[in-house]
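Subject: Handover of the structure

Hello,

Here is the structure I promised to pass on. Please look it over first, then read my notes below.

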Amino acid sequence: MSSERTVTIVPEAGLHARPAAKFVETVNEHDSDVRIGYGDDEPISAGSMIAVTSLGAESGEDVRLIADGPDEEAALDALERVLTTPEDELADAEG
Amino acid sequence: MTERTLTGTGATPRSGVGTVVWYSPDADLPDPDEATADPDTERRRFEDARETARSELEAERERTAERVGDQEAEVFDAHLQFLADPQIEDGVEGALEDGLPAEHAVQRAFADPIEQFEGMDGRTAERADDLRDVRDRLVRILVGGDRVDLGDLPEGSVVLAERLTPSDTAQLDPDRVAGFATATGGRTSHAAIFARSLALPAVVGVGDDLHDVDEGATVVVDGEGGELVVEPSDERREAAHETHDVEIREEAVTTADGAEIEVAANVGQPAELEGAKARGADGVGLYRTEFLFLDRETPPDEDEQYETYLEALETFPDGRVVVRTLDIGGDKQIPYLELPEEENPFLGERGIRRSLGPDADLFETQLRALLRAAADGDGRLAVMFPLVATPEELTAALETVDAVADALEDEGVDYAIPELGVMIETPGAVFTAPELAERVDFLSIGTNDLTQYVMAAARENERVAELRDPRHPAVLRAVARAVEAAHERDAWIGMCGEMAGDPELTELLVGLGLDELSMSAVTVPDVKAAVEATRTDEAAELASAALEAATGAQVTERIESTTPDQ
């Protein structure tokens, strides 16, 4: 059993720097194994900042998130929030 | 020890003596003798180093957020994630198993991802620098050597570095640092401009020889001659102390016969505002806004810009603040704007050309912030457009101002139209100065660019440096033409290039009719003193003699024959 979701990236920076850091942090806060797919490539581990940054996914592009584990739905919800929150609000949300 | 002199480019007409403190964020690593380290010991060393790096990064994130801003602090979040990356962990573990010491394991583990990032396009490639930063931090912790805290140096330190970034210089405490020298950089590099704004002795572009200077050595930083003197003789040390102390005048000055000349400062970032005020600047004659857009992932929003402009107005409660709208292109790059590579960037899409073209959105946001700030500025805010070459461009820029004002009006937002002006930097602007001046409140001559374009001699090209002489009649006649056009149409006219900050030229510039001179803060007191020593009738005579000269040498001769001994 695993859950899958396609999300369009909102932050202007794309999946780099701050949004990427927040994304990886969120992955590692959950117990499920999360992979991320971009374009036609095989999905890769989403818990690595290097791996996620090396995708080069930009704002407005789609990524596939595949979660497998006890909290897979919660993980996907949280990750979707990260990827669809504009950057300035991302900062505000953290205070 | 015998005296040794290294040459570079002087950034400030100031000298200082002090003790060398090396600032090297990149740690050097000796080659491993043999791969026989104990993996368990090395693993513990690695884990400890990672823990130290984590606390350092968290502390730096806090400090940057406080001192500079949340946006600038974000880079540390990315560093923290790279630090914890499983790919790095695996790489380090593999290298430890091979018997490598921890510092070499770190080097090896980062090598592949750095290479991978570098091979990619755009923003991912830039992240390679982040990886290098994290790697170097770990290596430095492992091989020992405390990271120098630029904010807490012993008094009398001379900082030596390969380069100093904006975040480095922002930490330097000018009261404790006696000066700095960098291996890279030129007169217009960030570090050099920063040094001038704080009157800090500095030499840039010394080259690789700089690395031969030892920690703790005594050095003279001669920012005027562009020399770094290692283990100086007593005479050399004494000479460095003989700074020409010009009195700082906080009030506005007039010529000896009572003509008011505004003496303002060029400012490149908020950290320089206080320094400019402390040097007695009447206001800001050129506020470069590029810093707002550099070293970040996305452009600044309207509110952030509004706050920044307000800060400048508040620092000079009685002075004018002239803000230049975004001037990128040429040699100034901003990653997220994806500027195209151009064959001749200085003759390409830069300044107002981008603001009326691909950066129209940024231009509008900037103008919104400026018009809002003008509402709080009691008429002291002025805005000027860079690199205008034609009246058509000015028309388009003014139309954008009107459209932005209409939008703010509709939204019920407080705004005011600031003083509007055009920079005179191109021959096109010189020849159409009457048409330009007709429609604005002021003109401001950017002599660095004007000289480069009048002489067709690129700013960065040392082989044509001799041609870039702002004293040449070719340039002076262009200046005179712009001044005449401005005054005939009741516009005021200023000058904001290097030329304006040279006290030897003050009399000539007053004679040419400039109403305002704006320069790096360091020479504000010197120029104020030169203004007070000037008589407008004599200055006018000097100006007409200079305009009739045929060569740069003749102009220099005429200046020297009239300048009283100083």
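Leu387(B) sits in the loop between β13 (381–385) and α14 (391–411) of chain B. Helices (H or I, at least four residues) and strands (E, at least two) are DSSP runs, numbered from the N terminus. The phi of Leu387(B) is near 55°, a positive value in a residue other than glycine. Most residues other than glycine have a negative phi. Leu387(B) is buried, because 26 other C-beta atoms lie within 10 Å. The cut-offs are these: a residue is buried if 20 or more other C-beta atoms lie within 10 Å of its own, exposed if 12 or fewer, and partly exposed in between, with C-beta atoms placed from the backbone.

A word on the source. This is a predicted model, in which local features need pLDDT of at least 70, side-chain atom pairs count only at pLDDT 80 or more, and totals for chains, interfaces and linings use all residues. Residues are numbered from 1 along each chain as its sequence is written, while chains are lettered from A and ligands numbered from 1 in the order in which they are written.

Ala456(B) also has a positive phi, near 50°, and is not a glycine. Ala456(B) lies in the loop between α17 (447–455) and α18 (473–488) of chain B. Is Ala456(B) buried or exposed? Ala456(B) counts as exposed, because it has 10 C-beta neighbours inside 10 Å.

Next, the annotated site. UniProt, in an unreviewed entry, places the feature "binding site" at Glu425(B) and Asp449(B). Those two span 25 residues in sequence, yet no two of their C-alpha atoms are more than 5.4 Å apart, so they gather at one spot. UniProt positions follow the numbering used here, feature names are shortened, and annotations may be inferred rather than shown by experiment.

Glu425(B) is in the loop between β14 (419–424) and α15 (427–431) of chain B. Glu425(B) is buried, with 27 C-beta neighbours inside 10 Å. Leaving out residues up to four places away in sequence, Glu425(B) touches Pro386(B), Leu387(B), Gly446(B), Asp449(B), Leu450(B) and Tyr453(B). Two residues are in contact if their C-beta atoms, placed from the backbone, lie within 7 Å. Asp449(B) belongs to helix α17 of chain B. Asp449(B) is buried too, with 22 other C-beta atoms within 10 Å.

Now chain B as a whole. Chain B has 22 helices and 17 strands. Of its 566 residues, 48% count as buried. Among contacts in chain B with a separation of 6 or more, 68% come from residues 24 or more positions apart.

On to chain A. Helix α3 (residues 72–84) of chain A has 13 residues. From first C-alpha to last, α3(A) reaches 18 Å, close to the 18 Å expected at 1.5 Å a residue. The expected span is 1.5 Å times one less than the number of residues. Buried in α3(A) are Glu72(A), Ala75(A), Leu76(A), Leu79(A), Val82(A) and Leu83(A). Seen down the axis of α3(A), these buried residues fall within an arc of 125°, so they line one face of the helix. The arc is that of the directions from the helix axis to the C-beta atoms. The buried residues pack against β1 (3–8), α1, β2 (33–37) and β4 (62–68) of chain A. On the other side of α3(A), Glu73(A), Asp77(A) and Thr84(A) are exposed.

Last, the contact between the chains. Chain A gives 21 residues and chain B gives 22 residues. On the side of chain A that touches chain B, α1(A) gives the most, with 6 residues.

Best wishes
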